[in-house]
Amino acid sequence: MLTPTQLQRYLARLGVSPRSSLAELQLAHLYALPFENLDITFKRPIVLSHEAILAKLLDEHRGGFCYELNYGFYCLLLSLGFEASLVQARVFNPSGAPGTDFDHLLLKVKEGSKTLLADVGFGDSFLAPLTLATGEQQDRAGVFTLTAQQEKWLMQREGKAELLIDPTPRQLQAFQAMADWHQSAEASPFTRKSICSKATATGRISLSDNTLLVTKDKTRQQWPISNESQYRQLLAEHFGITLPFADIAQWLAKCH
């Protein structure tokens, strides 16, 4: 749960009212808080605690990866009276094999008579909550299909498997081991590339290593980032992030 002050600040950052629907809250979150792994890139430890996550999202005006963004969203939803729980999923790799348990954190939410999946921490994924039921669901990001598989749910996008979801409610600390792995392992996608990305009304904008990527109406353009000053300017302009890190120039030189 959030304190009254934290709730007020969270809603202000999203630009929504406390009476907003789950769909409105999720979309506003995806527009306002970027999916980013900058702490991992610059080797700043990420701590999975209630205090640390909310300080990063609200005090530092940052984003984060799934464990941070979806936990923050979970606290917001609880504070607004939603019935929500943290759930875990295995992420399918490019070869079509599911990864490890607790690879991803997302939310199971009750809204009225419906049970929904909400996710603000999977990068370019569904923009509106998905109903937890078998069948296809149309989203601006594509066609998503959920299929029950014993006690789990397979989520496919355009026929390609993305997540194997276990809807059992979990505590935040259950994700700690995988969060640590993602920060340190060479095989982790977060140690191999820097990303700061968020959805926009017409597509998506991302800083991927030393490249600015802008997708607008399904057309993508990209521009190289040449120096630290430009990188900091783009972070501030498009994501509202000001980094205190002193080693950005050194890191950019390695990207070229």
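Me: Which residues is Val-120 in contact with, leaving aside its neighbours within four places in sequence?
Reply: Val-120 is in contact with Gln-26, His-29, Leu-30, Leu-69, Asn-70 and Phe-73. Contact means heavy atoms within 4.5 Å. This is a predicted model, where local features need pLDDT of at least 70 and side-chain atom pairs count only at pLDDT 80 or more, while totals for chains, interfaces and linings use all residues. Residues are numbered from 1 along each chain as its sequence is written, and side-chain values use heavy atoms, with hydrogens and water left out.

Me: Where does Val-120 lie?
Reply: In the loop between β4 (114-118) and β5 (130-131). Helices (H or I, at least four residues) and strands (E, at least two) are DSSP runs, numbered from the N terminus.

Me: Does Val-120 count as buried or exposed?
Reply: Buried, because its relative accessibility is 3%. The cut-offs are under 20% relative accessible area for buried, over 50% for exposed, and partly exposed in between (1.4 Å probe, protein chains only).

Me: How many residues apart in sequence are Val-120 and Lys-198?
Reply: They are 78 residues apart in sequence. In space they are 9.8 Å apart, C-alpha to C-alpha.

Me: You listed Gln-26, His-29 and Leu-30. Which residues of α2 are buried?
Reply: Helix α2 covers residues 22-32. Its buried residues are Leu-22, Leu-25, Gln-26, Ala-28, His-29, Leu-30 and Ala-32.

Me: What do they pack against?
Reply: Against α1 (4-14), α5 (66-79), β3 (104-111), β4 and β10 (195-199).

Me: OK, cavities. How many of 30 Å³ or more?
Reply: Two. A 1 Å grid is laid over the protein atoms alone, and a cavity is a set of points where a 1.4 Å probe fits but cannot get out. A pocket is an open set with protein on both sides within 12 Å along at least five of seven lines. Lining residues have an atom within 4 Å of a point. Grid points are joined across faces, edges and corners, and a volume is the space filled by probe spheres set on the points.

Me: What lines the largest cavity?
Reply: Its lining includes Val-120, Leu-30 and Lys-198. The volume is about 40 Å³. β10 gives the most to the lining, with three residues. The lining divides into six nonpolar, two polar and two charged residues. Here Ala, Val, Leu, Ile, Met, Phe, Trp, Tyr, Cys and Pro count as nonpolar, Asp, Glu, Lys and Arg as charged, and the others, Gly among them, as polar.

Me: And what lines the second largest cavity?
Reply: Leu-30, Asp-119, Gly-121, Phe-122, Gly-123, Ser-125 and Phe-126. About 30 Å³ of space lies in there.

Me: Pockets next. How much space lies in the largest pocket?
Reply: About 1600 Å³. It is lined by 43 residues, and Phe-122, Gly-123, Asp-124, Arg-157 and Glu-162 lie nearest its centre. The largest share of the lining, four residues, comes from β11, which spans 203-208. The lining has 16 nonpolar, 15 polar and 12 charged residues.

Me: What about the second largest pocket, how much space there?
Reply: About 430 Å³. Of its 21 lining residues, the closest to the centre are Ile-40, Thr-41, Phe-42, Lys-43 and Trp-251. The largest share, four residues, comes from α9.

Me: Since α9 came up, at what angle do α8 and α9 pack?
Reply: Helix α8 (residues 228-239) and helix α9 (residues 248-255) pack at about 105 degrees, with axes 9 Å apart. That makes α8 roughly perpendicular to α9. Axes are lines fitted to C-alpha atoms, for helices over the stretch in contact, and angles run from 0 to 180 degrees between N-to-C directions. Under 35 degrees counts as roughly parallel, over 145 as roughly antiparallel, 65 to 115 as roughly perpendicular and the rest as oblique.

Me: Which residues of α8 and α9 meet?
Reply: Glu-228, Tyr-231 and Arg-232 in α8 meet Ile-248, Ala-249, Trp-251 and Leu-252 in α9. By class, that contact has five nonpolar, no polar and two charged residues.

Me: Last one. Where is Pro-18?
Reply: In the loop between α1 and α2. Pro-18 is partly exposed, with a relative accessible area of 46%. Leaving aside its neighbours within four places in sequence, Pro-18 is in contact with Leu-11 and Leu-80.
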